[in-house]
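Visitor: I would like to learn how to read the side-chain features of a structure. Could you take me through them one at a time?

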Amino acid sequence: MTAIDYDLEFLENGRTIELISIGMVCDDGREYYAVNRDMPIRKIRKHRWLMENVVPGLPKGHGDRRNHVPKSWLFDYSDPVVKRRERIGDEVMDFIRAAGPDIELWANYGAYDHVALAQLWGRMIDLPEGVPMFTHDIQQERSRLGLAWDNLPQQEAGEHNALADARHNQAVRRWLAVRAGERR
Ligand SMILES: [Mg+2]
């Protein structure tokens, strides 16, 4: 079994879940991070929590580039991680399939993440072959082991950056796996 831990940042309004960014880390050492060029910018601007917590983690102009990135931009569109949603779907599919035939997806409070991930390819029935039909949830494993969230390793930095969150999910999942092993 090869696990892929992932996290999405998204805008949701009770009806739709719209991708902002996605981070994935695989047991085989590969990592993936992308920011959705097609994200609903106007709606995000009006969303205070996203503006305060998620937007600061998106690519910013740095060095010489900083002067070329208009202040009105939420993020640096020319950063190579910024891609069209359709392309992100293709790359995520390739990333998952490259992990082999026996893959587990893992996320933290992952119900919305799973739906937004699956919607990269359209309807439920459009899920590409080789992409698991469900995501394991760190919270379910934590609950099964009778642990409180505060007992688990805490994230040091980068919270709400999708890649930093995915890396932390991997660390927590592995920590839980050790605890589960000790209980046997
Ligand atoms: Mg996150």
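Guide: Let us begin with accessibility: a residue is called buried under 20% relative accessible area, exposed over 50%, and partly exposed in between, with a 1.4 Å probe and protein chains only. This is a predicted model, in which local features need pLDDT of at least 70 and side-chain atom pairs count only at pLDDT 80 or more, while totals for chains, interfaces and linings use all residues. Residues are numbered from 1 along each chain as its sequence is written, and side-chain values use heavy atoms, with hydrogens and water left out.

Visitor: Is F10 buried or exposed?

Guide: F10 counts as buried because its relative accessibility is 19%, whereas P80, at 65%, counts as exposed.

Visitor: How is a pair of aromatic rings described?

Guide: Such a pair is described by the distance of the centres and the angle of the planes. Rings of Phe, Tyr and Trp (its six-membered ring) pair if their centres lie within 6.5 Å, and planes under 30 degrees apart count as stacked, over 60 as edge-to-face and the rest as tilted. The whole structure holds 4 aromatic pairs. One of them joins F10 and Y112, which are stacked at 6.2 Å centre to centre with 15° between the planes. This pair links distant parts of the chain, 102 residues apart, with F10 in strand β1 (residues 2-12) and Y112 in helix α4 (residues 111-118); helices (H or I, at least four residues) and strands (E, at least two) are DSSP runs, numbered from the N terminus. Y112 is partly exposed, at 42%.

Visitor: Which arrangement do W73 and Y77 form?

Guide: W73 and Y77 are edge-to-face, 5.0 Å centre to centre and with 80° between the planes, and together with F75 they form one aromatic cluster.

Visitor: Where does the charged end of R179 sit?

Guide: A charge sits over a ring if NZ of Lys or CZ of Arg is within 6 Å of the ring centre and within 35 degrees of the ring normal. The charged end of R179 is over the ring of W175, 3.9 Å from its centre, and R30 lies over the face of F95, at 4.3 Å from the ring centre.

Visitor: Which residues touch the most other members of the largest nonpolar core?

Guide: A nonpolar core is a set of buried Ala, Val, Leu, Ile, Met, Phe, Trp, Tyr and Cys residues joined through side-chain atoms within 4.5 Å. The largest has 27 residues, of which I4, I22, M24, V92, I96, L117 and W121 touch the most other members.
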